[in-house]
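Colleague: Can you take me through the charged side chains in this one? I have a few quick questions.

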Amino acid sequence: MKKALIVWGGWDGHEPEQVAQLFKEILEKEQFEVEVSDTLEAFADLEKLLGLDLIVPAWTMGEIANGLVENVLTAVQSGVGIAGCHGGMCDSFRTNVDWQFMTGGQWVAHPGNDGVKYTVNMKYSSSMLLEGIQDFEVKSEQYYLHVDPAVEVLATTKFPIVPGPHAANGAVEMPVVWTKRWGSGRVFYNSLGHHADIIEMPVVSEIMRRGFLWSAEGKEVAGQQNTVSASYTGMADNNY
């Protein structure tokens, strides 16, 4: 049985406890053994993290000790998957660039705030992860992110939808769903999920389900391939 750890907290506006419960239900239906924690100290035991198959962060606008981030980075690098959504993964720790380097992006704006109606467009790529899912509309926050060029983009949305200074740049295709590799680990992100009701949308739940499963398979694949990657020395070991 695969093991997953969900860690929720931070800004209450993203309903992290409710989102964590929805994620737990998705994973348990897939026969995962799931632990749910509301403290970042859940990342303190590196050996425990190394024994997981999947880490699911649901923590927005927090502060985290460098040592805890190092443990997560090390675990993911070894093959443990990490998957999450919205600000719970890519606006977790605004001052920690190592976290952002691993996850592949950082939220910077949501023009129009909540209630913007926009389309999520599936994007052809080498990945078949979202095969069969059609373009769909959502009414929520539309995330504008700074994105790592190394990610593989699986879905996008178009800006601008609402007026603002960003509109002067013309049409922009912004990633919504992406995957990335961190050492032997698989990284999955979906920018949807401002509130729990967005996660409850069948299409969004399905996207997250597939992302969880794909990420959690990385450890087994890494073991079969016996892959080893060089350690990453981030800002925790430097005086920035």
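Modeller: What follows covers salt bridges and then a charged patch.
Modeller: This is a predicted model, where local features need pLDDT of at least 70, side-chain atom pairs count only at pLDDT 80 or more, and totals for chains, interfaces and linings use all residues. Residues are numbered from 1 along each chain as its sequence is written, and side-chain values use heavy atoms, with hydrogens and water left out.

Colleague: How many salt bridges does a search of the whole structure find?
Modeller: Eleven, a salt bridge being a side-chain nitrogen of Lys or Arg within 4 Å of a carboxyl oxygen of Asp or Glu.

Colleague: What does E220 form a salt bridge with?
Modeller: With K2; the closest N and O atoms are 4.0 Å apart. E220 is in helix α8 (residues 218-225) and K2 in the segment before β1 (3-10), so the pair ties together parts 218 residues apart in sequence. Helices (H or I, at least four residues) and strands (E, at least two) are DSSP runs, numbered from the N terminus.

Colleague: And where do R210 and E206 lie?
Modeller: Both are in helix α7 (residues 202-216), four residues apart, about one turn of the helix. Salt bridges with shared partners join E30, E206, R209 and R210 into one network.

Colleague: Changing topic: which helix holds D197?
Modeller: Helix α6, residues 196-199. D197 counts as partly exposed because its relative accessibility is 47% (buried is under 20% relative accessible area, exposed over 50%, partly exposed in between; 1.4 Å probe, protein chains only).
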